[in-house]
Structures are given as structure tokens and as C-alpha cells.
Amino acid sequence: MSHDNMTIHLRVWRQSGPNAKGNFEQYTLDTVNPHMSFLEMLDVLNERLTKEGQVPVEFDHDCREGICGSCGVVINGTAHGPQQRTASCQLHMRHYKDGDAITIEPWRAKAFPIVRDLVVDRTAFDRIQEAGGYVSVKTGSAPDAHAVPIGKEVADEAFDYAACIGCGACVAACPNASASLFTAAKISQLALLPQGQPERKRRVVAMVDQMKVEGFGDCSNHGECEAVCPKGISIAGIAKMRREYFKAILTGK
Amino acid sequence: MSQVSESKILKFYRSQTGRKFITGVTGIGLMGFLVVHLAGNLGFFIGGDAVNAYTAKLHSLGPLVLIVEIGLIAIVLFHAILGISIAQEKKRARPEGYALHVSGGAPSRMSPASKSMIWTGIVLLLFIVLHVWQFRFGPHYDTMLPGGVEPVRDMYKVVVDVFADPVWVAIYMGVMVLLGFHLRHGFWSAFQSIGAMSSRLSNTMYAAALVFAVLIALGFFVLPLYLHMVH
């Protein structure tokens, strides 16, 4: 692996506000270290822009460990870039060669309006979650871990769905801008666990309805969401969501 | 079941999962019809009497035929209306597209087949209208079956006449290629849409979709060519 600095040609979406007209700006960085993360590369760009008195590129980030779900940009046409099961922050520049050109765009969906540059407003996800993605329990001191026995297989499956960090890559990559994978992950996680049973039917109906209210598109089963999901959440969850919805409507919510 | 009120059916029909569910169920119904239709077509490889005996037998079922026909029209309409609506919703949900959109690779099922469902679907819808008009409501010739007492419709001749024209042969064969594409994504997608899919089943069903699409499309594809060549 080369340790030499690389030259990278960036084409970045710049948009000064939600209603402003955006456009691509070209930047060339000639001091990109292969060990840098993708976001560190953007930090280098922003330092330079700041020094030059220009407005830095806005992008969302927080933990930079791939677990918070804050970051996420479309890199050369793929949400979170070329490495699967990796959020943008955990993608490293060693995947690129000296002289490569990289196009960076924000998530694009009507339900995710652009705030500025690469930052989008993902509160639509919060509202889907608020519609039913919770369990009503008496809070208090934590119960004993073995108070509610859950089989290992069920716990594992629920955990796989619970791994969703709500980054929105599924929506970004979906040709229809559907929020089905996110919503299905939340529904499936709770439907599998005993704690999620009391609100099970009401939850699936409310959350599915909220997807439509927010303006997300219909799912066409392309499965592109699973391919870009940093947590590799399976579209089997979407099938499960549909079963849950059908059962809820049939048996009354 | 008594709890399912009218408003709930409407709610289901309007919801995103309900729409997919109905598209999937109608799709499975249409795939079932294709299998029956293809099996019926096998008579053409036997000869005119086999075909005419089969169609005469179908028509002797009387009102049952009418019920099935109306049912099929309803299934096609629901499938088409929802499919078109889903494609329109897609444009509303992403008014501004990407400069670049590149697949994340497997396990994605995105393919030329999955991306062209609306276009192959529209062509198939127009084709169904043409096909029914050409054959179901086509010319009526009488023929006698061996040992028959009453004349029956010579369906074999109607079909053979159409495929005497190489242009019709080419059109039918072209549309059958598109049918193959529609089924390649549609077979798997229909089961995913009704929730009859799990991580374990997914790969098997996706492979089965390819086999189903090739077999069905090929079955319909060869007939016009065969009839054109033997006559």
C-alpha cells in the first residue's frame, strides 16, 4: 500500500440553503493521505476553503465510528461509497488511486430536503419512529436481564434489525426514494421481541402510514437499500413488515 | 374476519404496503394464468384438432368462462393501475435526481429488468389488448372435429393466419422477450411484496425467478416462429 499523498479531484454539490439553486463545484486536493477517512479528506478541503476565505462544505458527522448514523453522502453514485457495510466516515481514502475523480452528492429525496450543501433534514425518520417505533413500559430500575426470556435465534434476528442507525442511505439509494427498509427494521425489531407485542398491530399501521405522509416513494423490491446499508439490514424485514401490516388489517389493530 | 370493515379495505388499498401486496397477489394470479395459457398452447405442436378440441372444451364451460374472463380483466387492471401509480409516486418522491446513480452491488436485486418494469408492463398491457382483439374477438371460422356433430370455432386457423405474416411473428417474439424481463423481476418481487419471503428463501426464489422467466418467455416465444415455419 502506498503511503504517498494522492491527488484527488472532487466534484461537490454546493447549495447555500434549502431553496437555493445548487450546483457542482470542482476542487483538487493534492495532499490526500491514503490513511485518511473520507470525512477527514473533506476536513482537509474545508480547512483550505476556510483559509482562503471561502465557505466550507457542510456535511453531517458525529461519532465518525460508523455507529451514530449522522454522516452519509452519495459518493460516485453510491450511498456511503464503494465499500459495503461501511458508513461514509469509515470509508478510507486507500480505496482510491492517485488522480481519481470523486463526485459527492447529498441524499436526494423529497422527504429529505437539503439544508445546505451535503446536509439533509432527516426528521422525517424521527416522525416515522414517533408514530409507533417505541414500547410503552413502566420505567423504573432496570429489570433483571433474565426476567423476560428470549430465545437466542429471536434475539439475534431482532438485534440484526436493531442495528439500524437511521442514516437514510436506504432512502438515498432506492430508485423510488422509499423508506421501507428503515421502517421495516424498526417494525421487525419490535415485532420479534416480547416487549413489542402490546402495540404490535397499531405500530405497523401507524409507521407504514407515516412513510406515505412524509412523501417517501413506494418500494419496488430493487433491494438496493440492503446493498448500501452500513449495517447490512436484510430486505427480508420489508417482507416481514408487509406480513405484519396484512395481519394487522385483517385482525383489527 | 368480521372486523374487516369497508374503510379498512380502502385504507389497505391506499397504503404503501397494501398497494404492493395487491400488485404481488395480482402478479401471482397472472403468472398462474401464464402457466395455464402456455400449457394450452402445447396443442399447437400437436395439430389443429387438438387446439380446436381444447378451445371447444373451454367454451363448453359456458358462464364459468365469462367469470374467469371478467376476473382476469379485473386482475390486469388492478395490477396495471397500481404499477403505474407506483411509478408516478417515484418521480414525486425524488424530484431532483442524482448526477450519478451506481448500484451498491449484490445483494441488490436492481437490474435492467427491475428498472424497466413500468415500460415492459405498459407494452404488455397494450399487447394484451391487441392479443385479445386479434384472437378472442378475431375472425370466426367453422370446422368439424373428428367424430363431432356440431361445428366448432377453428381457432387453429385464426392463429395460423396471423402468424403467416412475418411482421406479427416478429412483434409477438419481441413482446415475449419483454415478458421474460418483466417476469425475471416480477416473479421474485411478487412473493417479496406479499411478505412470503425470508433471508433463507430469497436466493432460491431469485434463481427460480430466472428459470420461470426463461421457461415461460421461451415457451411463448417459439410458437409464432414454429407456426410460421410449418405453414
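How many residues of chain B are in contact with chain A, and how many residues of chain A are in contact with chain B? In this predicted model, 44 residues of chain B are in contact with 45 residues of chain A. The model has an ipTM of 0.92 and a pTM of 0.94.

- On the side of chain B that touches chain A, at least two residues each come from α1 (6-14), α2 (16-41), α5, α6, α9 (166-193) and α10 (199-230) of chain B.
- Sorted by class, this side of chain B consists of 16 nonpolar, 18 polar and ten charged residues.

**Chain B: architecture**

- Chain B contains ten helices and two strands.
- Read from the N terminus, the order of elements in chain B is α-α-α-α-α-α-α-β-β-α-α-α.
- The C-alpha trace of chain B extends about 60 × 45 × 35 Å along its principal axes.
- Of the 231 residues in chain B, 29% are buried.
- When contacts in chain B between residues at least 6 apart in sequence are considered, 77% of them join residues at least 24 apart.

**Chain B: confidence**

- The average pLDDT of chain B is 94, and 98% of its residues score at least 70.
- Mean pLDDT among the elements of chain B is lowest for α1(B), at 87, and highest for α9(B), at 98.
- Helix α1 of chain B is also one of the elements that supply at least two residues to the side touching chain A, as is α9 of chain B.

**Chain B: helix α8**

- Helix α8 of chain B spans residues 155-162, and its buried residues are Met155(B), Tyr156(B), Val159(B) and Val162(B).

**Chain A: domains**

- Chain A is divided into domain 1, residues 6-105, and domain 2, residues 122-251.
- A distance of 30 Å separates the C-alpha centres of domain 1 and domain 2 of chain A.
- Domain 1 of chain A gives 13 residues to the contact between them, and domain 2 of chain A gives eleven residues.
- On the side of domain 1 of chain A that touches domain 2 of chain A, five residues are nonpolar, seven polar and one charged.

**Backbone geometry**

- Most peptide bonds are trans, and most residues other than glycine have a negative phi.
- The peptide bond from Ala106(B) to Pro107(B) is cis, with omega near 10°.
- Pro107(B) sits in the loop between α5 (63-93) and α6 (112-115) of chain B.
- Ala177(A) is not a glycine, yet has a positive phi of about 50°.
- The loop that holds Ala177(A) runs between α4 (169-173) and α5 (180-192) of chain A.
- Ala177(A) counts as buried because 27 other C-beta atoms lie within 10 Å, where the cut-off is 20 or more.
- Asn221(A), also not a glycine, has a positive phi of about 60°.
- Asn221(A) is in the loop between α6 (200-213) and α7 (224-228) of chain A.
- Asn221(A) has 27 C-beta neighbours inside 10 Å and is therefore buried.

Notes
Residues numbered from 1 in each chain as written. Chains lettered and ligands numbered in written order. Predicted model: local features only at pLDDT ≥ 70, side-chain atom pairs only at ≥ 80, totals over all residues. Helix = DSSP H or I, 4+ residues; strand = E, 2+ residues; numbered from the N terminus. Buried ≥ 20, exposed ≤ 12 C-beta atoms within 10 Å, placed from the backbone. Contact = placed C-beta atoms within 7 Å. Nonpolar A, V, L, I, M, F, W, Y, C, P; charged D, E, K, R; others polar. pLDDT = per-residue confidence, 0-100. Domains from an automatic or database assignment.
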